[in-house]
Amino acid sequence: MQTSAASSQEVRDVTRVERIGAHSHIRGLGLDDGLEARQVSQGMVGQVKARRAAGVILEMIKEGKISGRAVLVAGQPGTGKTAIAMGMAQALGSDTPFTSISGSEIFSLEMSKTEALTQAFRRSIGVRIKEETELIEGEVVEVMIDRPASGTGAKIGKLTLKTTEMETVYDLGTKMIESLTKEKVHAGDIITIDKATGKVTKLGRSFTRARDYDAMGPQTKFIQCPEGELQKRKEVVHTVSLHEVDVINSRTQGFLALFSGDTGEIKTEVREQINTKVAEWREEGKAEIVPGVLFIDEVHMLDIECFSFLNRALESDLAPVLVMATNRGITRIRGTQYTSPHGIPLDLLDRLLIIHTQPYAEKELQKILQIRCEEEDVEMSDEGLDVLTKISKDTSIRYAIQLITAANLVCRKRKGTEVGVDDIRRVYSLFFDEMRSSQFLREYQEEFMFNEAAPASGAQDADAESMVY
């Protein structure tokens, strides 16, 4: 059984390590201390002006004093808009809330559009709650547990703890004995005991016991014996999002709803009460607000009602920094007959700081493909990389990236160790890009069902081409 469990754990670990996403190579924005963008750094390539602008926004977010600002990242498809947002998320770290949604998600949830946006907003606002707790911290000198000879009855025991200045013996009840046994506490361990909950936490081994065993696991951590009193008061900080507080307080089984995802619509009264309580904690110094980032990709998919809500929500004191991305030009605002830049109403555009991304140069495309090959653990020849770069320039960078894994599989099937030009040509002939697929449809459109393209002649042919494309 132990062998089976170990092997299944190993399989899970390998699976987790080998999961590679579209932006898993992004480690940050690739900026130096002066907010100047390096040409290639932390998985980011090119887009120097856009990354520099994102770095300024990042510093604004880290200050934590400004909320309700909105940023729009606009550019053609495949110019790294989502990569910049992911770079911001990586640079902020886990302490700052970052929520990412797509514009079309709002319409697929079983709740109103404004409720879905409200929940997204409140997921992006953290509350850092501070509380003082009494701890017993020391090095275990001895653990004695007496079990009744009859095998029935309560266990009793004694625990001897010491610091560099004092040593005390504590009588143990049944609950504490179970906690110590569960944590596998032995003499020489440095432990803390929360007096309020009785929770036992093993911090590591004492340096004085470093030579007790000839061999120990790599996870064994040695620390100094604590100084001063055994009983101490420590400040503990918990960071939760406003949405988590909303869910827990909105229903009896609110904590379980966080795991199931079935949060439903939350009443306005509940949110108002929570806002009032959080404001009281801020005044008393028990909590502080951490404005995070809400990233809405494909923002042009929102309709006029959603845009009106965003206008109002950005004026609230409890508003995160809103980052949006779109690849649309001048197009119709969803839900109206009016056109506007990026499909966003002019009154909302007036609030936005707009960052434009530019098409990649050929050298930048080659560097991106090289980084993706390293990320996907694919060995590729220089000639193969040149061919793939030309494909990305003629078609799109996304299509070229998709060919990397496919070409690697073809290479492995022929027992090769390095992806070459022939492997790339093989997969290029197997999988169509957008332009070749459109050409195929134009040639064989009459054989498809529900064909709406006009006959291919003169101006009508040009109209059909633009429609299909």
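Mentor: This is a predicted model. Its largest nonpolar core consists of 27 residues, and Ile-296 and Leu-310 are the ones with the most contacts inside it. Two or more residues each come from strand 3, helix 4 (113-123), strand 13, helix 9 (304-313), strand 14 and helix 10 (346-349). Of these, helix 9 gives the most, with five residues.

Take Ile-296 first. Setting aside neighbours within four places in sequence, Ile-296 is in contact with Ile-101, Gly-103, Leu-117, Leu-302, Leu-322, Val-323, Met-324 and Ala-325.

Five strands form an open sheet in the order 4-13-14-3-17, and their pairing is parallel. The edges are taken by strand 4 (98-102) and strand 17 (352-356); each has a single partner strand, so one side of each is left without a neighbour in the sheet. On average, neighbouring strands here are turned by 20 degrees against each other, direction ignored. Strand 4 pairs with strand 13 (residues 293-297) over five bridges, in the parallel sense. Within that pairing, Ser-102 has Asp-297 of strand 13 as its bridge partner. Helix 2 (residues 48-63) packs on the sheet and touches strand 3 (70-74), strand 13, strand 14 (321-326) and strand 17. The direction of helix 2 makes about 145 degrees with that of strand 17.

Helix 11 (residues 362-375) can be checked for length. Its 14 residues, at 1.5 Å a residue, should span 20 Å, and the end C-alpha atoms are 20 Å apart, which agrees. The buried residues in helix 11 are Glu-364, Leu-365, Ile-368, Leu-369, Ile-371, Arg-372 and Cys-373. Their cover includes strand 1 (40-41), strand 2 (44-45), helix 12 (382-394) and helix 13 (397-413). Just after helix 11, Asp-377 has a positive phi of about 55 degrees.

Strand 1, part of that cover, contains Ser-41. Ser-41 counts as buried because its relative accessibility is 13%, and the cut-off for buried is under 20%. The side chain of Ser-41 is joined to that of Arg-38 by a polar contact of 3.3 Å.

Conventions. Residues are numbered from 1 along each chain as its sequence is written. This is a predicted model: local features need pLDDT of at least 70, side-chain atom pairs count only at pLDDT 80 or more; totals for chains, interfaces and linings use all residues. Side-chain values use heavy atoms; hydrogens and water are left out. Two strands pair if DSSP finds at least two bridges between them. Helices (H or I, at least four residues) and strands (E, at least two) are DSSP runs, numbered from the N terminus. Axes are lines fitted to C-alpha atoms, for helices over the stretch in contact, and angles run from 0 to 180 degrees between N-to-C directions. Contact means heavy atoms within 4.5 Å. The expected span of a helix is 1.5 Å times one less than its number of residues. Buried means under 20% relative accessible area, exposed over 50%, partly exposed in between (1.4 Å probe, protein chains only). A polar contact is a pair of N or O atoms within 3.5 Å; within protein, one must be able to donate a hydrogen and the other to accept it, and residues adjacent in sequence count only if both atoms are side-chain atoms. A nonpolar core is a set of buried Ala, Val, Leu, Ile, Met, Phe, Trp, Tyr and Cys residues joined through side-chain atoms within 4.5 Å.
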